[in-house]
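This note is written for a colleague who is new to the structure shown below. Please read the numbered points alongside the sequence and the model.

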Amino acid sequence: MGQHDIELEVNEHCQQMFMKALLDDLRALEYMLDNSLIAPDVQRVGAEQEMFLVDSNMRPAPVAMEILAHAQDPRLTTEIALFNLEANLTPVELNGRCFSQMEAELRDVIESAKKSAKKFQSEVLLTGILPTLQKGDLTLDNMTPNPRYAQLNDSVSRIRRGPFNIHIKGLDEIQLTHDNIMMESCTASFQVHLQVNPADFVETYNMAQVVAAPVLAAAVNSPMLLGRRLWQETRLALFQHSADARSQAQQARSDPTRVFFGERWLNKSVLELFYEQVARFRVIMTSPSQENPLSVLSRGEIPTLGALCLHNGTVWRWNRACYGVRNGVAHLRIENRALPSGPTIIDEIANAVFFAGLMVGMPGEYGDITRLMSFDDAKDNFFIAARHGLNSQFSWIDGENVGAADLILKQLLPLARRGLKEQQVSEADIDRYLGVIESRVASRQTGAQWMLRSFSSMSHKPRESRTRALTEEMLCRQQSGKPVSTWSLMGKEVTMNWPRDYQTVGQFMTTDLFTARPDDLVDLAASLMDWRHIRHVPVENEEGRLVGLVSHRALLRLLVKGPVTDALKLVKVGEIMRTDVVTVSSNTPTLDAMEIMRRGRFGCLPVVDDGHLVGIVTSYDFLDASAQIFRQQLEAKNRAASA
């Protein structure tokens, strides 16, 4: 978890002193590596669990501080948003029933969070991206009141000098701008830590870069953002965009972002990673000065290297090198940050077992992996896995082109099993957790695939209703504890719920808009109405701002003036559009919108957020909703009568 002991006021002197401490820490780490002062003989595994908090409507519940105060569980801590929590598991030695032990503790800590959440009418949900999140949830009002997060937002925003741009293409496409780093709060992960021998760090880290792709392909669980179907693991693209602190000049040079995979194999030492991070990425947080680590070493003690750890915590490699001190003994870890939260606890532990198994099983099979695969292939595989999950095609050892599912089932699961056996991990644990991976891959049903297929099965429902129903069903299935490979798809029988599905205009407005410009011909607007069977065409300018509205009534009035002639066809939209348009925002309560339409006798209301047209709601939308609700009530009445 991130370091919270930071300086609130950062000036040039503070940054200079922190940089001095950071360079001293690097010199101390170099000395420790040269003199074998870092634990070589124990291999441990640990994890961090990020989670969402949702209310009874499956919307984000900003009650993290209340839950933490009530739970009083030292394993639970804050995340950037008030609707997120994080849990830190106790590291265990990689042998015996270690993974059963991890699962038991994970269940215990999540149950602790759940019990406290119920006190505040909320639930804990494990998922990579919460389907019901809306852009309006991502404000600084929902940022956790912790100096670390405020400083992170201020520093990244100051360096970037402009809004954050999110542009991700998948089955759908999303393109938006945001003025703070709260888009980061859309993502939740299950981060696996593996303690490694310093002498083997280079080879082990490079192997982590290679196995990241197939492990991720089997674990994808974040296919949607703001109702759009994007990558199988959209979390990766979103996190990279949301923490992008590059200036325009750095973007023009294609400098890497602070969230990145890497640019080359590691060659000699873990120090290469830390050197690159200090050279590439400016300090965005500082901490109070500590004793010089070389002085600490001269007394025969082990330094914490606080400056190095703080800076390392503001650079988010997908495989991150970590330094730590446990019971007075220093160690090095590799943190796999790519795995998503959910869909269930057993799925998450299975992902951790698969990762750990490959990390201990593949070196014996392949040795130095950099002799068998190019770095570019390893990196390309990783992002292919994020986009396509088990449908990925990888460039594997010696240039072999192989599908992700076949690779996992035929080559990687046996290697992971062998490595875990050599590590003396319990065969019962190996069978249990690798069996979950095998079943998931064989059925081709990851969390992402289940979500996408279930979402599509409800295509007759409004998008907001579908995301709510999907989230509710996910929570229900999660609580059953059964792995995602056994989940049946949701069906069309999902019922609507007026209080939840129609609270605000944004939940059922039409977003597939056909608009005109003021200089367009009226004939075009009339044709749009005819082709698309619509009665209103919004008019927007080149910046996408609403400037008017053309209705079928305006066209009728134009026709009353005379027969359709060539001159009439050349009339422009700007000449007949209505400019005094009444609008609402996507957060406008539905009943308020209905009252506005009733009083003004409007046939539609354009929906405008941040000055831009984002949707439209018409009288037909309300009629359709009423018909569905009436039909639902009638069916319920008939079922009750026949029971």
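1. The model under review is a predicted one. Ala219 is classed as buried because its relative accessible area is 3%, the limit for that class being under 20%.

2. Which residues does Ala219 touch, apart from those up to four places away in sequence? They are Glu233, Leu339, Pro340, Asn351 and Arg440.

3. Asp347 counts as buried because its relative accessibility is 0%. Arg440 is likewise buried, with a relative accessible area of 2%.

4. Salt bridges also occur elsewhere in the model, and the structure holds 30 of them. Side chains of opposite charge can pair when their charged atoms come close. Between Arg264 and Glu276 the N to O distance is 3.5 Å. Arg264 sits in the loop between β11 (259-260) and α8 (271-280), while Glu276 is in helix α8, 12 residues apart. Glu276 counts as buried, since its relative accessibility is 14%.

5. Glu335 and Arg337 form another salt bridge, with their closest N and O atoms 3.2 Å apart. Are these two residues buried or exposed? Both Glu335 and Arg337 are buried.

6. Ala378 is found in helix α12, residues 375-388. This alanine is buried because its relative accessible area is 1%. Beyond its neighbours within four places in sequence, Ala378 is in contact with Gln209, Val210, Phe261, Trp265 and Met373. The C-alpha atoms of Ala378 and Ile397 are separated by 9.8 Å, and the residues are 19 residues apart along the chain.

7. Leu521, Leu524, Trp531 and Leu570 make a nonpolar surface patch of about 410 Å². Where is Leu570 placed? Leu570 is in the loop between α20 (566-569) and α21 (573-576). With a relative accessible area of 57%, Leu570 is exposed, the limit for that class being over 50%.

8. In α18, the buried residues include Val522, Ala525, Ser527, Leu528 and Met529. After α18 comes His533, whose phi is positive, near 55 degrees. Arg535 lies in the loop between α18 (522-532) and β17 (536-540).

9. Arg535 counts as partly exposed because its relative accessibility is 35%. Together with Arg553, Arg557 and Arg601, Arg535 gathers in a patch of positive charge on the surface.

Methods
Residues numbered from 1 in each chain as written. Predicted model: local features only at pLDDT ≥ 70, side-chain atom pairs only at ≥ 80, totals over all residues. Heavy atoms only, no water. Patch = residues over 30% accessible without salt bridge, like charges linked within 9 Å, V, L, I, M, F, W, Y side chains within 5 Å. Areas by Shrake-Rupley, 256 points an atom, 1.4 Å probe, with all protein chains shown as cover. Salt bridge = Lys/Arg side-chain N within 4 Å of Asp/Glu carboxyl O. Helix = DSSP H or I, 4+ residues; strand = E, 2+ residues; numbered from the N terminus. Buried < 20%, exposed > 50% of the residue type's maximum accessible area, 1.4 Å probe, protein only. Contact = heavy atoms within 4.5 Å. Lys, Arg positive; Asp, Glu negative; His and termini not counted. Charge placed at Lys NZ, Arg CZ, Asp CG, Glu CD.
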